[in-house]
Amino acid sequence: MNKILLAVLAFCLVSTSFAQSGPPKPPVGKRWVMNPDFSDEFNGTELDTTKWLDHHPTWKGRAPGLFMRSQVSVADGYLQLKGEKMKQDTIVDNRTFNIKGAAVVSKKSVYLGYYECRAKAAETTMSCTFWFSGGGGVGPKGCDTYHQEWDIHESIGREGDFQGKYFASGMHSNAHYWYTSCDKERHDYRAAQVRFEDNEVSSKDFHVYGGWWRDEISASYYYDDQEPKHQRFYDKITDKPMDKPMYMRLVHETYPFPWISLPTDEELADDSKNTLYYDWVRGYELVDADELNESTLESEIGLYNEMVIFDSHQIDLRTSKSLKIPLSYKANQNREIILSLVDSDEKKVKEIRKKILAGYANLIFNFNLDQNLAIGKYKLTTHLISKGADKKEALGINTLIINLGK
């Protein structure tokens with residue numbers, strides 16, 4: 001029976017959906033590159049202590065759930081945070097704890113960027129979370145203070161007879177501006193919650209949860225293959241509420257009743273239900289499209305299906321000696337693009353080789369010509385190749401129709 005149970009569990013872990021991952025399209029002139037300090041595939045046998053703490057440095061956990069190092073492990077390609085019942089109550093800072101929880105926190109803080117994880121909630125009412133907090137400081141009045149919290153995702157793994165049962169499915173994104181006024185009153189000022197719906201509970205399968213911290217006032221959120229949703233941070237105290245670096249948090253915690261019930265002793269004792277799995281976490285930073293970057297993570301994990309991308313199959317341009325071609329590309333290594341322009345009779349007009357850098361870039365490429373072309377229809381073909389290769393070894397081919405007019 002034990003062998004059968006293990007086989008079923010193994011099947012459940014590998015039989016998962018393949019939701020879209022990777023960053024959204026960058027702004028023109030920019031390129032996404034992976035940030036190694038906030039990226040981990042969890043393919044080893046222990047937590048990478050150069051990147052992560054196996055505890056929360058400033059928070060013991062929400063009682064009765066205590067964050068414990070013993071509940072953090074890396075095995076079978078996953079970061080695993082396990083919830084369990086304690087054998088006896090534990091008193092910490094005059095609070096009573098009797099459930100074991102877990103927290104993993106980045107050693108470094110970061111400002112802005114895109115962050116995503118692929119996770120599967122435990123089949124309990126303990127949390128599956130992916131969030132950032134930290135920063136803050138003196139407020140706009142000088143005698144006040146603030147603290148930042150950006151929750152890309154929070155959920156639980158099952159429904160129940162409690163107010164927050166909707167938290168068991170989909171994606172839930174929040175942003176908090178924790179404000180302490182000059183008279184020492186603390187306020188939780190929140191942006192409007194962003195929510196994605198799903199028909200299945202979060203413990204049924206793995207899902208991709210992503211967040212783009214765009215600037216001090218806004219963020220965008222991404223759930224599996226759904227269209228993004230957007231959020232403006234609370235800005236009634238200051239017009240730039242999220243203006244400091246924050247730390248990444250991966251946390252398995254308890255929530256308060258009556259909003260959410262505590263997990264049962266039975267499910268906490270069931271190893272097929274009590275563990276939160278993170279397949280990977282990935283962070284990306286925006287750089288200029290032509291800025292050199294030493295990250296090799298894209299190549300190591302084979303992040304992208306490498307390609308050159310046009311937003312549409314044809315564009316209208318004015319005839320000129322320099323045709324401005326909008327294109328984007330995804331490349332796991334430094335590559336080259338061969339751009340070949342032919343006229344309506346398939347006669348070659350010009351061919352250009354362009355070196356590109358690894359990542360996901362959005363460009364306006366200046367296709368420079370010797371003279372203005374005649375009005376008419378042209379075809380631009382791109383071949384994405386390894387450096388020094390030829391068209392026969394193309395990793396990807398794409399075509400754009402160009403209608404030249406006055």
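## A close look at the cysteines

Tutor: Start with Cys143, which is partly exposed, with a relative accessible area of 41%. On that scale, buried means under 20% relative accessible area, exposed means over 50%, and partly exposed is in between (1.4 Å probe, protein chains only). Before we go on: this is a predicted model, where local features need pLDDT of at least 70 and side-chain atom pairs count only at pLDDT 80 or more, while totals for chains, interfaces and linings use all residues. Residues are numbered from 1 along each chain as its sequence is written, and side-chain values use heavy atoms, with hydrogens and water left out.

Back to Cys143. Its partner is Cys182: the two form a disulfide, with their sulfur atoms 1.7 Å apart. The term stands for a pair of cysteine sulfur atoms within 2.5 Å. What is the handedness of the link between Cys143 and Cys182? It is right-handed, with 80 degrees about the S-S bond. Cys143 sits in the loop between strands S9 (128-138) and S10 (145-155), and Cys182 in the loop between strands S11 (169-180) and S12 (186-190), so the bond ties together parts that are 39 residues apart in sequence. Strands here are DSSP runs of E with at least two residues, helices are runs of H or I with at least four, and both are numbered from the N terminus. Cys182 is partly exposed too, at 32%. The structure holds 1 disulfide.

So what about Cys117 and Cys128? Each has the other as its closest cysteine sulfur, but at 6.3 Å they are too far apart for a bond. Cys117 is buried, with a relative accessible area of 1%, and Cys128 is buried as well, at 2%.

Now for ties made by charged side chains. The structure holds 20 salt bridges, each being a side-chain nitrogen of Lys or Arg within 4 Å of a carboxyl oxygen of Asp or Glu. One of them joins Arg158 and Glu267, whose closest N and O atoms are 2.9 Å apart. That pair links distant parts of the chain, 109 residues apart: Arg158 is in the loop between S10 and S11, and Glu267 is in helix H2 (residues 265-268). Arg158 is partly exposed at 21%, whereas Glu267 is buried at 7%.

Another bridge brings Glu351 and Lys391 together, 2.5 Å from N to O. Here Glu351 belongs to strand S23 (residues 348-356), while Lys391 is in the loop between strands S25 (376-386) and S26 (396-405), 40 residues away. Glu351 is partly exposed at 35%, and so is Lys391 at 32%. Shared partners also join Lys82, Glu84 and Asp271 into one network of salt bridges. Within it, Glu84 and Lys82 have their closest N and O atoms 3.9 Å apart.

Last stop: strand S21 (residues 322-331). With 7 of its 10 residues buried, it is largely enclosed by the rest of the structure. S21 pairs with strand S24 (residues 359-368) in the antiparallel sense over 10 bridges, and pairing needs at least two DSSP bridges between the strands. Leu327 stands opposite Leu363 in S24. Strand S19 (residues 307-309) also runs antiparallel to S21, joined by 3 bridges, and there Val308 has Tyr329 of S21 as its bridge partner.
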